[in-house]
Amino acid sequence: MNITTKPTAQAGTKHGPRVDWAEQSPELVKKFTGVATALRASSIEESILNLVNIRASQLNGCSFCLDMHVKQAKMHGERELRLYHLAAWRDSTLFAPRERAALAWTEVLTKLPDQGVSDEIYERVRTQLSEKEISDLSFAVMLINSWNRLNVGFKTVPGSADAMYGLDKPGLN
C-alpha cells in the first residue's frame, strides 16, 4: 500500500471517531511508504506481490486493503477468475508453483503457527524461490500485515482512497 496522504477512517464508533494514523504519525507513514517503494523494485514480480497483498488482506479481514489490492491487480492485468480462486489457491489449478510457494509463505508468516515455521514449509518454498526472493517476499508479507493492522484497527473505509491511488477508473467498482 502506498500512503502519501491519508485514507478516511470510519467515524462515530461507540467510543468516538478513530485516530487518523496517517495524520498522527506522518514520519512513520513516510518510512513505511519507502519500504513499499523499495519492494516494487525487489526480486519479487508485481503479479506475485499483488497476490500476496490480497491473500494476507483476506486472512486479516482488512476490507480496505483487500478492496485496494484487488483493484490494483485488475489494473495490472490479473484475471478475475484467479482473484476468485485466491482464497482456495491450494485446490485451484490456476496458480503456478512459484505463486503457490509465495502464497504458502504469505499464509505461514501471516498466521504464525505456535511452533514457528516448519522446515517442511521452508524447504518447499526454497524449491521455488531463491534466498534473496524469500527475504524480499518476507518483507512484503511483513509490510502488508502492518498496513492491514492499521486499517483494521482504525476501520479505514474501503474505497475511500480510490481517487488518490488512481483506482476510481471504470470497471474497478
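**Helical architecture and side-chain contacts of the predicted model**

Read along the sequence, the protein chain follows the pattern α-α-α-α-α-α-α-α-α, and its secondary structure accordingly comes to 9 helices and 0 strands, where helices (H or I, at least four residues) and strands (E, at least two) are DSSP runs numbered from the N terminus. Residues are numbered from 1 along each chain as its sequence is written, and side-chain values use heavy atoms, with hydrogens and water left out.

The predictor's confidence in each residue is expressed as pLDDT, on a scale from 0 to 100. The mean pLDDT of the protein chain is 90, and 90% of its residues reach 70 or more. Confidence is lowest in helix H9 (residues 162–165), with a mean of 86, and highest in helix H6 (residues 97–110), with 98. Of the 173 residues in the protein chain, 40% are buried, the classes being buried for under 20% relative accessible area, exposed for over 50%, and partly exposed in between (1.4 Å probe, protein chains only).

The structure holds 3 aromatic pairs, a pair being defined by rings of Phe, Tyr and Trp (its six-membered ring) whose centres lie within 6.5 Å, with planes under 30 degrees apart counted as stacked, over 60 as edge-to-face and the rest as tilted. Phenylalanine 32 and tryptophan 147 form an edge-to-face pair, with 5.4 Å from centre to centre and 75° between the planes. This pair links distant parts of the chain, since phenylalanine 32 lies in helix H2 and tryptophan 147 in helix H8 (residues 131–153), 115 residues apart. With a relative accessibility of 31%, phenylalanine 32 counts as partly exposed, whereas tryptophan 147, at 1%, counts as buried.

Together with Phe139 and Met142, Val35 forms a nonpolar patch on the surface, the three having about 250 Å² of accessible area together. Such patches are made of residues with over 30% relative accessible area and no salt bridge, like charges being joined within 9 Å and nonpolar side chains (Val, Leu, Ile, Met, Phe, Trp, Tyr) within 5 Å; the accessible areas come from the Shrake-Rupley method with a 1.4 Å probe, and for residues only the protein chains shown count as cover.

Charged side chains contribute 13 salt bridges to the structure, each requiring a side-chain nitrogen of Lys or Arg within 4 Å of a carboxyl oxygen of Asp or Glu. In helix H7 (residues 119–126), glutamate 120 and arginine 124 are 4 residues apart and thus separated by about one helical turn, and their salt bridge places the closest N and O atoms 3.0 Å apart. Both partners count as partly exposed, glutamate 120 at 48% relative accessibility and arginine 124 at 42%. The side chains of glutamate 123 and arginine 126 likewise meet in a salt bridge (3.9 Å, N to O), and these two residues both lie in helix H7, 3 residues apart, or about one turn of the helix. Glutamate 123 is partly exposed at 42% relative accessibility, as is arginine 126 at 41%. Elsewhere, salt bridges that share partners join Glu45, Arg98 and Glu133 into one network. Lysine 74 forms a further salt bridge with glutamate 80, in which the closest N and O atoms are 3.6 Å apart; lysine 74 counts as partly exposed at 27% relative accessibility, and glutamate 80 does so at 38%.

Two loop residues complete the description. Serine 92 lies in the loop between helix H5 (80–85) and H6 and is buried, with a relative accessible area of 4%. The side chains of serine 92 and histidine 85 are joined by a polar contact of 2.8 Å, a polar contact being a pair of N or O atoms within 3.5 Å, of which, within protein, one must be able to donate a hydrogen and the other to accept it, and residues adjacent in sequence count only if both atoms are side-chain atoms. Lysine 111, in the loop between H6 and H7, is by contrast partly exposed, with a relative accessible area of 47%. Lysine 111 and asparagine 145 are 34 residues apart in sequence and 10.0 Å apart in space, C-alpha to C-alpha.

How values were computed: Predicted model: local features only at pLDDT ≥ 70, side-chain atom pairs only at ≥ 80, totals over all residues.
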